[in-house]
Amino acid sequence: MNRTISFVLKFSLSVLLLLILHGEIAIPGMTIPPLGSILNPYEGVWATGLHSETDPISLEDPSLSAPVEILYDERRVPHIFAANLDDALFAQGFVEAQNRLFQMQFLAKAAAGELSAILGEKTISIDLEKRRRGMKFAAENAVQVWEKTPGFDRAQKYIDGVNRYIETLTPETMPLECRLLQFEPERWDILKSALVFKQMSQTLAGRNDDLEYTNLLRKLGKEEFDFLYPERQDVENAVIPDGTSWQFDSLVTYSQNQQSTLQEPIFKTFFPTRNPGIGSNSWGLAGTKTSTGHPIFCNDPHLSLSLPSIWFEVHIHTPEVNAYGVSFPGFPGIMIGFNEHIAWGETNVGQDVEDMFLIEWKDASRTTYLLDGKEEKATLRIEEIRVKGGQTILDTVKYTRWGPIYRTSADGRHDLAMRWLCHDAPDTEEFAVFVNAMSCKNYDEYLQATEAYISPAQNFGFACKDGDIALRVNGRFPARPPQDGRFVEYGNQSANGWLSYIPKAQLPQTRNPRRGYIASANQVSTDATYPYYFTGKFERYRNLTINSKLDSIQSASPEDMQRMQFNSYSSKAASMIRAIRTVLPEVTRQDKGKDLWGELSGWDAQYLHTSREAVLFDLFLKKCRENVWDEILQWKDEMDMKLPEDWRLIELIAKDPNHKYFDRAKTPVKESALTIIQESLVEAGRQLDSLTREGKGTWGKYRPLDIYHMMRLPAFSEMQLEVDGCPDAINATGQSFGPSWRMVVSLEDSIQAWGVYPGGQSGNPVSPYYKNMITTWKNGEYFHINLYETPESLRSRATQLVSLHPAKK
């Protein structure tokens with residue numbers, strides 16, 4: 001009852017922001033539909049689709065070849081029983097639309113840069129960014145290939161299922177958000193599926209530091225830049241175990257031309273920042289390290305959390321397939337899951353596949369540019385952005401041989417074109433990878449099934465009942481000389497671009513490593529002996545925690561793995577505290593910061609939501625960054641830049657506490673690491689005292705987790721959650737991101753599996769299945785998962801039955 005009252009109050013506030021009773025009145029940035037129809041007790045919010053989650057459904061469709069039964073369990077997970085995979089994919093499309101239709105439509109429109117058509121002026125800048133990035137261009141290129149491939153019929157079956165559900169919509173079953181926006185769902189097509197896939201590609205592989213590093217290189221000089229921004233640490237735990245033998249040489253036999261990189265900084269061109277919490281954990285234990293004697297596989301991808309949830313749980317059963325896991329609504333197949341023989345999952349690689357090139361224009365209109373000594377005409381793509389309640393906006397995006405002009409300058413001297421792998425037309429049936437993987441029985445089959453995968457590059461983890469554990473760094477990667485891709489390059493020479501790709505057979509992989517486990521946490525893929533150059537953004541600390549635990553663990557149980565996924569220990573915090581102990585005698589003899597250091601040094605580096613020390617450390621580390629990197633921060637308002645990684649700061653404290661960077665430029669005295677530590681502690685202590693008086697002195701209150709609805713409506717969101725974890729912990733939570741699906745699979749004779757995610761299966765905000773799993777997820781608990789063999793195994797407990805039949809002739 002309390003939850004209902006809370007929802008009503010929040011919903012009323014949300015509606016007041018959007019609506020005015022009985023009228024459609026335009027306000028700045030938004031068009032407001034009539035409130036009366038929304039709150040109508042017979043057709044309004046209170047009637048929205050609740051019966052559609054309980055009443056039996058029986059439909060016919062000519063796309064089906066045999067009857068399909070769908071039984072929903074007590075958490076609203078659909079269990080699909082079909083006579084063949086084509087019909088099962090039709091059913092998958094149907095149930096995803098039944099539960100997540102608005103989410104699917106919203107994601108496709110967001111990727112295409114079409115949100116303003118339903119949300120109004122407030123999203124114009126978002127739409128412009130998507131158009132200039134070429135998101136729809138990328139999806140169109142993919143579709144042109146996918147539609148011609150032999151396996152496309154299966155993708156079409158999924159699409160047919162989505163559209164069959166759309167055909168059943170009534171005013172009662174129309175998604176609530178569609179009513180609020182007066183938006184009628186559009187028919188689904190392969191372009192929308194491609195857009196959803198490209199949206200995930202942008203999230204995981206749509207970033208680069210080219211401009212930041214170019215600016216810093218030119219400001220600092222090569223020696224200082226290399227010192228502050230090295231690509232490798234002295235000690236790393238690569239995804240592929242150190243010492244792996246590579247039985248091939250690199251295709252790259254040339255060096256990077258140092259004159260190909262931009263020779264000056266670019267001012268006042270600020271790129272959007274990326275969420276630092278995007279990443280994942282995955283590991284698999286060989287049977288020699290488990291209590292059952294069988295492999296255990298674990299995966300928990302870290303993404304921006306949202307309501308409806310990113311993932312959708314589904315079970316697909318046919319004579320050839322019995323698979324369970326999570327799908328990405330709008331795209332067929334199971335991305336992370338298991339079947340009766342294997343378990344699989346992914347983590348992001350982090351390799352840079354997005355480069356920036358400076359365009360040399362040859363005319364005042366900036367439509368002709370120089371390439372290899374010849375003038376080339378840019379292709380002009382007119383982007384039409386419809387705005388609800390406003391005028392249509394026309395934006396001309398110029399496409400070069402590199403890609404679209406993504407950032408422009410007033411005089412055209414610093415216009416940058418984006419070369420992004422995801423723009424390329426694929427030459428494989430990439431869309432079928434997660435469908436084909438569902439039926440694999442061993443690693444050789446899984447390798448073959450996932451061979452077609454291109455981007456975003458992922459570490460494909462695997463475990464099997466036959467005892468195999470394996471991992472492949474999978475995707476398409478430019479074959480580069482060292483340093484290529486780190487900086488903005490001149491776009492007047494095609495030789496500055498990617499000349500070839502790493503052959504699939506030469507991608508890093510490991511099978512049954514001697515150490516008895518596979519593990520990936522977005523760290524660097526290999527040690528420096530790998531013949532090809534890798535550059536990108538790699539994680540530095542979660543992997544240390546994971547590998548140290550897996551190195552020592554023996555007789556691990558599935559419950560041990562669940563607890564490990566919920567572990568909130570930060571190797572970064574522990575490393576910083578150890579580094580500070582190098583000057584510990586001096587700190588303890590000084591009154592300045594002594595008590596605060598005593599509090600911090602006794603901390604176990606666990607980011608529990610009740611922890612005061614976690615807040616103190618976070619404040620302290622921020623102050624340390626400000627005080628040490630003042631010489632670099634002076635440029636933050638004039639150009640794109642980034643600070644050195646925290647591991648570099650920690651290493652300097654431990655190894656060179658009198659280094660020049662500890663001496664602040666604007667003070668008359670000479671500071672050292674000791675001075676910086678003391679002053680940063682005192683400043684952090686003052687801030688913590690103030691936060692404590694405000695009631696925000698513990699980690700959960702200082703850094704609560706917000707799980708937003710896609711439209712940021714408070715009534716449809718779950719806000720201010722006090723959770724354990726931090727970005728550097730295995731339990732990698734942040735202000736709006738975290739483990740989006742935790743899965744543990746024990747590959748015993750009869751497979752046992754557990755899973756949970758922070759949300760619910762239904763996309764209907766008034767449904768009991770909308771966010772019913774958040775508390776379980778927050779507490780580090782799991783639901784047991786069943787691979788049912790027959791509908792009868794579930795029928796007596798099913799919460800809804802859906803019967804799909806071939807159309808009668």
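In the hairpin of strands E4 and E5, five residues lie between the strands, and Arg76 takes a positive phi near 65°. Strands (E, at least two residues) are DSSP runs numbered from the N terminus. The model is predicted: local features need pLDDT of at least 70, side-chain atom pairs count only at pLDDT 80 or more, and totals for chains, interfaces and linings use all residues. Residues are numbered from 1 along each chain as its sequence is written, and side-chain values use heavy atoms, with hydrogens and water left out.

Strand E4 spans residues 68-72. Four of its five residues are buried, so E4 is largely enclosed by the rest of the structure. Buried means under 20% relative accessible area, with a 1.4 Å probe and protein chains only. Exposed means over 50%, and partly exposed covers the range in between. E4 pairs with E5 (residues 78-81) in the antiparallel sense over four bridges. Two strands pair if DSSP finds at least two bridges between them. E4 also pairs with E31 (residues 800-806), again antiparallel, over five bridges.

Aromatic contacts were examined next. A pair of aromatic rings is described by the distance of the centres and the angle of the planes. Rings of Phe, Tyr and Trp (its six-membered ring) pair if their centres lie within 6.5 Å; planes under 30 degrees apart count as stacked, over 60 as edge-to-face and the rest as tilted. The structure holds 36 aromatic pairs. In one of them, the ring centres of Tyr453 and Phe460 are 5.0 Å apart and the planes meet at 55°, so the pair is tilted. Tyr453 is buried, with a relative accessible area of 3%. Phe460 is buried too, at 2%.

Tyr530 and Phe534 form an edge-to-face pair, at 5.6 Å centre to centre and 70° between the planes. Tyr530 is buried, at 4% relative accessible area. Phe534 also counts as buried, at 9%.

The criterion is NZ of Lys or CZ of Arg within 6 Å of the ring centre and within 35 degrees of the ring normal. Arg486 lies over the face of Tyr213, at 4.9 Å from the ring centre. Arg648 lies over the face of Phe227, at 4.3 Å from the ring centre.
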